[in-house]
Amino acid sequence: MPSPPLAPDDGPIDLAHLARMTLGDAALERQVLGMFASQAMSLVEQLAALPAEAGALAHTLKGSARAIGAFRVAECAEALETAIRQGASPAKCQIELKAAVADAR
């Protein structure tokens, strides 16, 4: 019998959080997830070029991700936002953010 994981793997989206945020409405969950997937991909594409508003775009993605329970995406967006604000290289953060968004999608 395999051992249970040390930490639960809830997947890229916390479905219990999403259900709370949508009051358990499955149709609304699907709609919100679809909107998030589109927005997240668009923002990741925009962030690749590091426009002047990159910090604001990362902040927007962080908030959207938290709202639906995509907490790994939110963490990566926050790291990117911080790197931009501090003038650090954002390359690693961009790679991790793109991967987190792909997992959430």
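This is a predicted model: local features need pLDDT of at least 70, side-chain atom pairs count only at pLDDT 80 or more; totals for chains, interfaces and linings use all residues.

Residues are numbered from 1 along each chain as its sequence is written, and side-chain values use heavy atoms, with hydrogens and water left out.

**Exercise 1.** Find the secondary structure elements of the protein and their order.

*Solution.* Start with the count: there are 5 helices and 0 strands (DSSP runs, H or I of at least four residues for helices, E of at least two for strands, numbered from the N terminus). Next, read from the N terminus: the order is α-α-α-α-α.

**Exercise 2.** Work out how helices α4 and α5 are arranged.

*Solution.* First locate them: α4 spans residues 71-86 and α5 residues 91-104. Their axes come within 9 Å and cross at roughly 160° (axes are lines fitted to C-alpha atoms over the stretch in contact, with angles from 0 to 180 degrees between N-to-C directions). The two helices are therefore roughly antiparallel, a term for angles over 145 degrees.

**Exercise 3.** Describe the extent of the protein and its buried share.

*Solution.* Begin with the box: along the principal axes, the C-alpha atoms fill roughly 45 × 35 × 20 Å. Then turn to burial: of the 105 residues, 33% are buried (under 20% relative accessible area, 1.4 Å probe, protein chains only).

Notes:
Angles under 35 degrees count as roughly parallel, over 145 as roughly antiparallel, 65 to 115 as roughly perpendicular and the rest as oblique. Buried means under 20% relative accessible area, exposed over 50%, partly exposed in between (1.4 Å probe, protein chains only).
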